Amino acid sequence: MLPPNSNEGVQRATVELGYLPQPDYLETTFPSTHTTIVVEEGTELTAKVVAALLKEDRKVAVLSLPNSVIAAKAKLPNGVERFTLEETSDTNIQSTLQNIVKAQGEIGAFIHLHPHLRFSGGNFAQHFAAEKAIVKTVFFAAKHIAKSLQTLGKTYHRASFLTVTQLDGALGTQNDGKTSIVGGGLFGMTKSLNIEWSSVFCRAVDLSPNFEAETAAKLVMSEMHDPDATIVEVCHNDKGRFTLTTVPTEIPSNENLATEITKDSVFLVSGGAKGVTATCVKKLAELHQCKFILLGRSSVEGDEPAAFKGVTDAMQLKRLIMQELKAKGEKPTPAKVGKIFNGLASKREIKQTLTDIEAYGGQAVYLAVNVLNVGELKSAVAKAEQQLGKITGVIHGAGRLADKLIENKTEWDFEAVYSVKTEGLLALLQCVNPMTLEHLVLFSSVAGFYGNNGQTDYAIANEILNKSAHLFQKNHPNCHVVSIDWGAWDGGMVSPGLKKMFEAHGVQLIPQDAGAWLMAYELSKANKSEAQVVVGSVLPLAQSHIGEHLQAHRIHRKLTVEANPFLQHHVIGGNPVLPIVNAISWIANSCEQLYPDYKIARVENTRLFKGIVFDGNQATDYVVDVKELEKGKDEIRFEGTVWSQGANGRPTFHYRANVVVRKGRFEQELLDGKELARIAQNSAATAMDGKRFYGDGTLFHDAYFQGVESILEIDEQGLVMQCYLPKVSAEAQGQFPVRSVNSFLTDIQYQAMLIWVKHFHDAASLPLNTKLVEVFEALPFDTPFKVALEVKSSTPFKMLCDISAFDDRGKVFMRSEGAEVTVSKGLKW
């Protein structure tokens, strides 16, 4: 049993696939001076993608890996040149890219196509070496094209960087147990580049290996033209399009949290004698009195000089080290002093870890060994097993950083960071019998899940750990497998300066005690099905590239009833009708998605010209023209218009609105406490059932929009409604997913106007326009809220009002000013 919950408010989330609609299509221009590189994977897919690019009048160069890595070569369209690497070294990759530039011009887009590799006989490391070479090639190619892509992206043109894998069409979460997963590391790299390269469109795509080449190529091109810069990784399979999302979980108390760990459990732990891994190991020892074989690079041999013993002050200890060096006739350089001090501190920490484990009733052996030397490791571990017993669990906590922008990365950086995580895991698993292993815990990082600035290599390694967890769980269902994507700990690798930076961005650091408790919590039986969890805060989002010039964007959407099931719940006269709030949120979201760290703040002067009715005569291709009117570092103003081409070839305008997106946190408005109290006091006596309006002809809406529960107040000055709406599934939301605006709940707010008009005019009404909508936060599903309508003017033909939506605490989510509806006694639903 675990002790009482002591996670100190640290966030925990499980990971699952979240549904996405098919992407819209952004019209882009690509300069004739630039070329698009395609890294081939040796199948027909390469030829199909190249052919699709040629149809866009692009110059294409195919980059081919050495035969020792990928022997198969695709048959390319006539006139397309192949450039073959001799080896996957940094220098050869650079020289080959230079040859492409000389032959075809600067590089403006890059598409890596990764092969689908399957292993046999349970040897999941069968293709690790080849895949490492492929990933390394993409990594150093990115290094050398960084400047060219970023320069192009700062013009009116879109520069693109895409990595396309074929793991399982589920981003490695639904591995069939036989698919090699190293390519999954590219997700982490692409997400990190998206942060480093604000002017470049970055996208990681995982396709089902079952797709035909033609289908797969069309999906690649559709992702390349997606206007949505807020999404970086997507997957496609026979069920649709998805991305990985986090689902926050509530951590229960300890009463029923049993575990399979006993005092006889033996854990093999890399990086386990120091830092956060040691903190977690000591917590397990405290809870279960189990045993540990701790692995590390630092030696603990030999005693420290007598003069050093008992000295804990760092400055005093460094002075003693200097004196010791002088006494030996050596010059006490800062480098020498620092090396001795770090070695001494390391030795002390390791010994303290061993002492603490024993104090808690556990047992531990420390092995100073190179984890990547498999022969040495297996020999040392075998001896330790004779002392402690057979290994029942593995905790892989080792890691190494070499933080810098990808343009400055070296082969040593890549190898040092990559090998400790990925090849270290392989080495550990060679020391145990996977068939009898009870626990496998991988210390991954949010840097892999979200991407992080300066950590492209670290993100690769950690994403490989994540995909390894899903693969191992598939093949060893009796083993408790979990990859923990840790956020930043308070301590560990987080320096005081980095801590201040995190705090400035609202990133909560994980306290040592809370992190150790959560590690123990992950190993409770209740969590055995979760192969991957995210613990800690979300890392800062990518920064948008604003640019100096105002731009115009044209976005196409194939709009159908089939792709938007919710339309069947908004039917007028027997035909589905697009609600105006969905149409305006379409415009607003089209603006917002162009700049990922900006959020919708205001929508102004919304206008309805001709609504979209699905009566069989509607268009299929609809266009949103987004024109930037003003922009600065904190706020951008757009004008957005939805139109389609009529049968006569002329444009038919449907909706228009001005949209303001803003950077940073919004200050939430609060209603006056006296007003809240008055509403609560009066509502008990005057409340009437709101559901009846959906049956008496007042409202025409079906289930997905039936959120009015009761009318708390209604008079000639306005009304107050109590509302609630269960969650509408992402699939049902279709092409209008909830983001900064929940259009389903916004529609419910506007239903207040129809109810008021029906009550006082005995007439129906339809929205015309709204002067201003202020957005503070998206209204949540499954949560009660209130809507207050205040009438500003009313005639037999029109009604003008202000509307606000707020919760029981008075927190305002959205406020509309100057909302206008037409009043008509002849209008029938």
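**Salt bridges and a helix pair in a predicted model**

Visitor: In this predicted model, the side chains of Glu777 and Lys811 meet in a salt bridge (3.6 Å, N to O). How many residues apart in sequence are the parts that the pair ties together?

Guide: Glu777 belongs to the loop between β28 (764-775) and β29 (785-794). Lys811 belongs to the loop between β30 (798-806) and β31 (812-824), so the parts tied together by the pair are separated in sequence by 34 residues.

Visitor: Is Glu777 buried, partly exposed or exposed?

Guide: Burial requires a relative accessible area under 20%, and exposure one over 50%. The value for Glu777 is 33%, so the residue is partly exposed.

Visitor: Which class of burial applies to Arg637?

Guide: The side chain of Arg637 meets that of Glu630 in a salt bridge (3.8 Å, N to O). Its relative accessible area is 19%. The limit for burial is under 20%, and therefore Arg637 is buried.

Visitor: How many residues apart are Glu260 and Lys528?

Guide: The side chains of Glu260 and Lys528 form a salt bridge (3.7 Å, N to O). Glu260 is in the loop between β10 (240-248) and β11 (266-270), and Lys528 is in the loop between α14 (512-522) and β17 (532-535). The pair thus links distant parts of the chain, 268 residues apart.

Visitor: Are helices α6 and α8 roughly parallel or roughly antiparallel?

Guide: Helix α6 (residues 275-288) packs against helix α8 (residues 334-359) with axes 9 Å apart and an angle of about 15 degrees. Angles under 35 degrees count as roughly parallel. The two helices, α6 and α8, are therefore roughly parallel.

Technical notes
Residues numbered from 1 in each chain as written. Predicted model: local features only at pLDDT ≥ 70, side-chain atom pairs only at ≥ 80, totals over all residues. Heavy atoms only, no water. Axes fitted to C-alpha atoms, helices over the stretch in contact; angles between N-to-C directions. Helix = DSSP H or I, 4+ residues; strand = E, 2+ residues; numbered from the N terminus. Parallel < 35°, antiparallel > 145°, perpendicular 65-115°, else oblique. Salt bridge = Lys/Arg side-chain N within 4 Å of Asp/Glu carboxyl O. Buried < 20%, exposed > 50% of the residue type's maximum accessible area, 1.4 Å probe, protein only.
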